[in-house]
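Work through the exercises below with the model open. Try each task before you read its solution.

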Amino acid sequence: MPSAHHGPARSIPAVIAVDGRSGAGKTSLAVELAAALRTHRSVALVHLEDVYPGWDGLAAGIERCAAGILAPLRRGEAATWRAWDWAAGLDGEERVTEPADVVVLEGVGAGAARLRGLCDAVVWVEAEAAERKRRALERDGETYAPHWDRWAAQEDVWLADDDVRAAAAVVVGGAGGTPDRPEGSTGQVLAALAELPALRDLLAPERTERESAGVVVRRFTARPDAERLFARLFGDAEHAVWLDASDAEVTPTGAEVTPSDAEVTPTDAEVTPPDAEVTPSGADVTPHARQARPRSRFSIMADDGGLLGRRMAHERGTTEVVFGPATPTPVTATFPSPFFRWLDTAWGHSTAPAVPGLDCEFALGWLGYLGYELKRECGGSDVDAGLPDAQLLFAARAVVLDHANGEAWVLALESPDAAAWIDAASAAIDACTDGVTSAPHEVTSAPHGVTSTPHQVTSAPHGVTSTPHGVTSAPHGVTSAPHQVTSAPHEVTSTPHQVTSTPHQVTSTPHQVTSTPHQVTSAPHGVTSTPHGVTSAPHGAPVFAARDSAAAYMAKVSAAQAEIAEGNTYEVCLTTTLEATLSGRGGTPGDRTAVVPLETYCALRRRSPAPFAAFARFGGLSIASTSPERFLALAADGALRAEPIKGTRRRRPGASAEEDAGVVRELAANPKDRAENLMIVDLLRNDLSHHAVPGSVGVSRLFAVESYATVHQLVSTIDARLRPGASRAEAVAAAFPPGSMTGAPKISTMQILDRLEAGPRGVYSGAIGYFSRTGAADLSVVIRTLVMERTGAGAAHEGATRLTLGVGGAVVADSDPADEYEEIRTKAFAVLDTLGSVFPAS
């Protein structure tokens, strides 16, 4: 009966159907669900078992329920109906069900097609056949035993024509069912229902309670080996993300260093911040110490494990969110929704506090990728990527490495399993740290403050204070263990770009440097390096094929220039794809017919350290990125920053310092590269302006050269401030896809690219990063990225593996097609060489 202490009921109740085959556990779930819902509203619970007219009455019971119970309730009227008397075999007492705020309908057939149109949501409970029969007979004993087969046959006939599981908005359990429904699944079901657009407003109190959990924090003074730590904590996780600014190697102060990742701003740059210190061209720079670069301070490692973990996937308008994906009974919600609309509800209004003492704005939240084909929601056309357009995991637990301070932070949302995981993560940090770690400090970050947990705390964190919200540095970065680096990269320290309360006033201190060139040793499998790539690939290395031959790609460059001449665009970021398929059943070390995704990524991060490197694994899809480019950072206080790259030169292995510096000077002054860069800067200024405070958009850095292990890049920085009340998710959507990967103007150029390019881009050209519970986000552009996809339907290491590598460049009116083709070879070199592969012959 409905509860009477929550005020007047809604005139039209929300109807939730709980369905499943006999013995699946529907009744206990429905009872628990109704009790939980009554906390904030009135609820009526109807059991179909009271409606079926006998042991052969499944179909008739569904019809009686539709006409006599749900139809009047959906009109806002009381339903008067007769319950079936099972002992007498005929209709029994009259019952009245009032239109409460929520009606929970439970029983076999509750989600049948005849009833679905009268329901707001259908929950399907999955369970194994043998377990279902055991439960049913245990519950109803000898009463049910003689009729089990008779009733099961009716279920078979009904489900043969009506796939309720596929139609259900929420599914409890996996495809094969689960042996039991452990405690806590009712909470997961309630969370899944609150995710559905039809019930989101009604269940807002439950959503608020779920998002208000505090964060338990343990902090160490330690520099664990990042590769070993990720492998130990998340190496076996089916879904995990590592945001890894892998150029953040830190050397003790006073140690000799080799300059690396140098940032250069030419003295004739069109925009120079008024307080910037520009070192004259050709001057020598000797850094005092090798420190984590400003965008390379933090690493984030996480999975979707634990009771509060979640995972989402979006594909062509359908969103799927899994609650407790690593628990025995995962609960999956599936519903139609644009991705960015879902993002707005799941993250766009987050206001959780930052972790005191941790300058990184990540305080747990969503991590993963947004694929290029999400452009369909941003003015682009609908193209099937052949894989999910976006996949994110909700990290209810994570490790953050602060490379500047030499600290490891273990974070977990308050839950029954948080303490055990924090202890396990702490032990992993100890095991992966050479030397002695400090005694851990632990606090609990409650929704409205911080309270200590005395039973494990030795003292309050030294100097832990709340830091002002804002992007003072990129939110992720990681240390490459020195013994794992195959060649010495170059690095100089540079003053971090501080985003103040008015982002357009960002100050920067760029440097003009002459750096010793990066010396590339032999490739991992004995590949010989040449100025234009590798001469040959060893036996067993992946053999790539190009989507476009050299002639075809250069013809597309010319076609893009024709579009420019017609006035349809003024810059086209043309791309192509390299692809290899490995047919082995591999995934084991030494198997040259397959790749091991994490091992492959570790080789790439050692070869090409980058501030926005990342590894992500979503089941059979693995992403190994060595991106140097930020797409968009959004601070909790609304500071926005984009840092597009346009202009690339390869660093020749074995080049002298003078030769390398000459390449830098040529790139910095090259009019074509500066024009490409400036066009994208203008585009991003426009993208950010849609949701920015008027007058806050500014360019704090223009035409700076950043040097990485294998390339020099021309980079600019655009800052803005989000307008108060503006949607954070819409601000991200307004800038997506990254302008440096489309060209300008964006929408018309994307249409041109759809005609020129012979297939989807997928993950490539999209974004990877995080959306924090604080409302902050930091995303990189997916470039220099190898995507590994298992194509077989078997177990984790069975079937073929498809490797794809996207490469491209900006085409402008004065582009030379041959030079553009050479540029994509340059951009592919580091990834291919690490694999022991070569660029495909034309």
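**Exercise 1: the faces of a helix**

The buried residues of α1 are K26, L29, A30, L33, A34 and L37. Buried means under 20% relative accessible area, exposed over 50%, and partly exposed in between (1.4 Å probe, protein chains only). Helices (H or I, at least four residues) and strands (E, at least two) are DSSP runs, numbered from the N terminus. This is a predicted model, in which local features need pLDDT of at least 70, side-chain atom pairs count only at pLDDT 80 or more, and totals for chains, interfaces and linings use all residues. Residues are numbered from 1 along each chain as its sequence is written, and side-chain values use heavy atoms, without hydrogens and water.

Task: find how the buried residues of α1 are arranged around its axis, and what covers them.

Solution. 
- Step 1. Look down the axis of α1. The buried residues fall within an arc of 130°, so they line one face of the helix. The arc is taken from the directions from the helix axis to the C-beta atoms.
- Step 2. List the cover. It includes the strands β1 (14-19), β2 (43-47), β5 (102-106), β6 (121-125) and β7 (170-172), along with helix α7 (185-195). Contact here means heavy atoms within 4.5 Å.
- Step 3. Check the length. The expected span is 1.5 Å times one less than the number of residues. For the twelve residues of α1 (residues 26-37) that gives 16 Å, and the end C-alpha atoms are 16 Å apart, which agrees.

**Exercise 2: the nonpolar cores**

Task: name the residues that touch the most other members of the largest nonpolar core.

Solution. 
- Step 1. A nonpolar core is a set of buried Ala, Val, Leu, Ile, Met, Phe, Trp, Tyr and Cys residues joined through side-chain atoms within 4.5 Å.
- Step 2. Read off the members. In the largest core, of 121 residues, L193, F339, F340, W342, F362, L367 and F771 touch the most others. Helix α7 gives the most to this core, six residues.
- Step 3. Follow F771. Beyond four places in sequence, its contacts include L343, W347, W366, L392 and V732.
- Step 4. Look elsewhere. A second, separate core has 60 residues, among them W242, L574, V595 and Y601.

**Exercise 3: the largest cavity**

Task: what is the volume of the largest cavity, and which residues lie nearest its centre?

Solution. 
- Step 1. Take the volume. It is about 190 Å³.
- Step 2. Go to the lining. Of its 21 residues, M741, I783, R784, G808 and K827 lie nearest the centre.
- Step 3. Trace the elements. β26 (571-582), β31 (645-650), β38 (801-811) and α18 (817-835) each supply at least two lining residues. The largest share, five residues, comes from β38.
- Step 4. Note the method. On a 1 Å grid over the protein atoms alone, a cavity is a set of points where a 1.4 Å probe fits but cannot get out; lining residues have an atom within 4 Å of a point. Points are joined across faces, edges and corners, and the volume is the space filled by probe spheres set on them.

**Exercise 4: backbone details**

Task: locate P737 and L364, and describe the backbone there.

Solution. 
- Step 1. P737 sits in the loop between α16 (728-735) and β34 (743-744). A cis peptide bond joins F736 to P737, with omega about -10°.
- Step 2. L364 lies in the loop between α10 (339-346) and β15 (365-370). Its phi is positive, about 75°, although it is not a glycine. L364 is buried, with a relative accessible area of 0%.

Technical notes
On a 1 Å grid over the protein atoms alone, a cavity is a set of points where a 1.4 Å probe fits but cannot get out, and a pocket is an open set with protein on both sides within 12 Å along at least five of seven lines; lining residues have an atom within 4 Å of a point.
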